[in-house]
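Please work through the following exercises with the sequence and the three-dimensional structure at hand. Each task is followed by a solution in steps.

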Amino acid sequence: MAPLSLLHLLSNEYLLLATTPYLLPTELLALALCSRSYYSLVKHSRSVWRHLNLSVSPHALPATTTGSTAIVQRTQTPLYQTELNQLLTKPFVLRDVKTLILDGLPVTVELLYDLLSSPKYKIQLLSIRECNLNEGQLMLLFQYLVRTTREKPPTLKGCYWFGGMDAPGGIFPSTYKQKDPNEKGRFIKPAKLNDDWVGILKACEGTIAFDTRLCSGPRHEEGDEHHLEPKVASVRLSKNCTGCGSSPEARKHGIHRLPKVVVAPVPVTTSDIRVACKAADSEDILRCETCVKNRWCERCGKWWCESCVGERADKKFVSLDCYDCGMMCSDCTRCTSRTCKSCRGEYCRVHNEGADNNWCEWCNSPERRLRREL
């Protein structure tokens with residue numbers, strides 16, 4: 001029996017689904033130049049372009065490499081944007097794309113409108129994190145997609161916009177360390193916390209899932225004594241309160257009944273929205289910073305719910321001893337805070353680079369240390 005060739009192996013749809021998402025688009029196009037058989041495979045197979053990752057992260061590329069620096073500068077030019085549009089408008093490229101990642105690219109809202117509103121394309125998952133887009137026009141686009149007068153529901157089921165980028169693996173390779181999707185704490189930059197997104201998230205609820213949702217804290221409910229207007233959640237907390245081991249969301253609604261949230265990283269081998277929303281941290285509590293003020297440790301992630309605070313709403317469970325560490329609980333403060341034996345001043349052991357467990361940075365300098373020895 002003759003051994004199977006590479007072409008026979010790649011002709012298997014299951015192998016294509018499992019391998020092509022890890023190849024760069026330039027590598028797929030280079031494969032098509034090998035022969036007419038490979039060209040036909042790349043052009044006509046519906047599994048080759050199902051997952052298209054074109055992301056590029058300037059801060060992830062080595063700054064000392066001249067070629068990488070030139071590549072980053074080239075992405076900001078109108079010529080590169082034209083080339084990107086030409087690639088995305090190739091019929092055999094976007095015909096079967098269901099997951100499209102454009103993180104960090106100079107895309108426009110007009111291009112996204114063509115991709116999401118045209119019946120020719122079937123994009124289900126879209127990632128446009130850290131793209132320099134016009135937010136007002138982007139909001140109008142999502143309002144148009146979920147309008148009540150539409151004939152059919154939009155094909156888009158999930159959009160990554162608020163969070164940070166994953167490790168880029170699209171146009172340019174990189175040694176950037178993969179972000180831990182289970183990492184707690186702030187996951188949205190303050191610049192993206194526009195109150196206008198509140199109405200968009202409400203309108204898209206149940207139709208398009210984003211990488212965040214509205215804050216689910218009880219203070220945002222009608223009738224609460226300290227009522228707050230709806231806000232976009234920007235802090236990811238563990239699902240259990242440190243004090244009672246539960247949460248108001250779990251006791252009243254149930255975490256599974258809250259609006260679904262797509263979780264990073266973007267799925268590679270599937271475009272199913274259920275997989276994108278089902279991850280290790282999909283049951284975490286998402287809150288705005290106002291709802292966890294003075295009740296959330298930024299170092300270890302502990303937090304205390306409104307029931308544990310009780311009548312003393314002004315009680316502080318955390319304190320600010322180091323601006324770099326942020327608000328910390330008493331356990332973290334004991335781990336990081338020290339008192340200098342010489343000047344009796346308090347300092348952070350983590351962020352005071354020249355300090356040790358006994359002396360602060362100033363008293364531990366060579367001159368001061370020599371003076372103590374004399």
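The model is predicted: local features need pLDDT of at least 70, side-chain atom pairs count only at pLDDT 80 or more, and totals for chains, interfaces and linings use all residues. Residues are numbered from 1 along each chain as its sequence is written, and side-chain values use heavy atoms, with hydrogens and water left out.

**Exercise 1. Determine the strand order of the open sheet and identify its edge strands.**

Step 1. Strands (E, at least two residues) and helices (H or I, at least four) are DSSP runs, numbered from the N terminus. Two strands pair if DSSP finds at least two bridges between them.

Step 2. The 5 strands of the open sheet follow the order β1-β2-β3-β4-β6, and their pairing is parallel.

Step 3. Pairing on one side only marks β1 (51-53) and β6 (209-210) as the edge strands.

Step 4. Within the sheet, β3 (residues 125-127) pairs with β4 (residues 158-160) in the parallel sense over 3 bridges. L126 has C159 as its bridge partner in β4.

**Exercise 2. Locate W197 in the largest nonpolar core and list its contacts.**

Step 1. A nonpolar core is a set of buried Ala, Val, Leu, Ile, Met, Phe, Trp, Tyr and Cys residues joined through side-chain atoms within 4.5 Å.

Step 2. The largest core has 55 residues, and I128, F142 and W197 have the most contacts inside it. Helices that each supply at least two of its residues include α8 (109-117), α9 and α10. A second, separate core of 20 residues includes W296, C297, V309 and F317.

Step 3. Contact means heavy atoms within 4.5 Å. Not counting residues up to four places away in sequence, W197 touches E135, L138, M139, F142, W161, F162, K192, F210 and V232.

**Exercise 3. Is T336 buried or exposed, and which residues surround it?**

Step 1. T336 lies in helix α14 (residues 330-336) and is buried, with a relative accessible area of 1%.

Step 2. Beyond its neighbours within four places in sequence, T336 is in contact with R299, M328, Y347, C348, R349 and V350.

How values were computed
Buried means under 20% relative accessible area, exposed over 50%, partly exposed in between (1.4 Å probe, protein chains only).
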